[in-house]
Amino acid sequence: MGEEPHTVDPDHMDEIISGVERSGKVTPPGHPAYDFKPETDLIFDKKQPLPGHANGMSFSAFDHEGRLLLKRIYYSIGGGFVVTDTELEAMKAQKKTASSDRVPYPFASARQMLDMSRGAGLTIAQMKRANELTKMSAEELDAGLDRIWAAMKNCIDRGLKVDGIMPGGLKVKRRARDIHDKLNAEWRSNRLNPLLANDWLSVYAMAVNEENAGGGRVVTAPTNGAAGVIPATIRYFLHFHEDATEEDVRNFLLTAAAVGGIIKHNASISGAEVGCQGEVGSAAAMAAAGLASVLGGSPEQIENAAEIALEHHLGMTCDPIAGLVQVPCIERNALGAVKAVTAASLAIKGDGTHFVPLDACIETMRQTGNDMSEKYKETSTGGLAVNVVEC
Ligand code: SF4
């Protein structure tokens, strides 16, 4: 319908889709109206995966005699990237031959990141900023970071306002709004709640993942399924730290991106490749690193925070019930955010020295993912997905 993910009005999306359902037509700008009936023309073939990646979609256009006019295959490869089959092949070939980009701090592992940070006397966020500035101006970078945080914040706000049943047939109720109302009442009553921070973290993460499940706009961070952990941790930080600044949010995102890049480079951020440890586990490691950085952590403490968060997601499978990113995904993001904050807090209280290096933890995740049965990699053929009766 000519809409773009970053500009479509989330409050208008349901109307657009029901318009297509009612009329049986799609009308992309600059094109005539095409016949399209979602109930028969969208075929969810869960049995035959496409060759390039587990998350694939094939689009075919036919004329009125049923002759195939055009066919395109697209893959959603994680991290918000959607590519055609040809682009995917080119990317795979490039990955085999490419050396690192020409950036001033080309760290490909946590070890290198720490060595470069020590050598240059820069924080992780400062090195990441310097790398990004090879591709854009400082103004563009800050504007981009601010746009990301604004989209995350709007997503939380919308998720806290909307209630009802999420689409897909599982009839799972949205809970963030109700929990938020209760937390607000409690906040006003001044009653001591020993789980206060956990409750706020959880409700923020759930708001985002309910938006994701409802087809709303989220920031892939690092994926849609794990999109709640980083926004919840930033919002928690702003909520409980009155002196937090805009610059803190930018540094949080830059540090989180540095850690996410290392994980993606050496293992995976895709549930279809390594299970949920790669999605919520990576998100928690990124959030823990970001939070440790804005709490004043040293590069070693930041690396420690990421490692603690990732280590305690190792082995976690991907088993969404009915293939919908709802159960266990929504609560899993809440718990991922709680682990991220706990990991940052533990790391900040230490001196940065620790037993398991982040690189070893990432390599463990990669190996565990390789050994994991396909049943637990976003196929919904194992785990909770087969042990809970859908009704
Ligand atoms: S269970 Fe699977 S779909 Fe759900 S958040 Fe984890 S990786 Fe994503």
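Biologist: What distance separates the centres of domain 1 and domain 2?

Modeller: This is a predicted model, in which local features need pLDDT of at least 70, side-chain atom pairs count only at pLDDT 80 or more, and totals for chains, interfaces and linings use all residues. Residues are numbered from 1 along each chain as its sequence is written, and side-chain values use heavy atoms, with hydrogens and water left out. Domain 1 covers 10-92 and domain 2 covers 103-387, with bounds from an automatic or database domain assignment. Taken over C-alpha atoms, the centres are separated by 29 Å.

Biologist: What area is buried between domain 1 and domain 2?

Modeller: The contact (heavy atoms within 4.5 Å) takes 11 residues from domain 1 and 14 residues from domain 2. Buried area is the accessible area (1.4 Å probe) that two parts lose on being put together, summed over both. Carbon and sulfur atoms give 49% of this area, which is about 820 Å².

Biologist: Which residue forms a salt bridge with Asp11?

Modeller: A salt bridge requires a side-chain nitrogen of Lys or Arg within 4 Å of a carboxyl oxygen of Asp or Glu. Here the closest N and O atoms are 2.8 Å apart, and the partner of Asp11 is Arg158.

Biologist: Why is one side of strand E3 and of strand E5 left without a neighbour in the sheet?

Modeller: Strands are DSSP runs (E, at least two residues), numbered from the N terminus, and two strands pair if DSSP finds at least two bridges between them. The open sheet has the order E3-E4-E5, with antiparallel pairing. Strands E3 (56-62) and E5 (82-84) stand at the edges, so the reason is that each has a single partner strand.

Conventions: Helix = DSSP H or I, 4+ residues; strand = E, 2+ residues; numbered from the N terminus.
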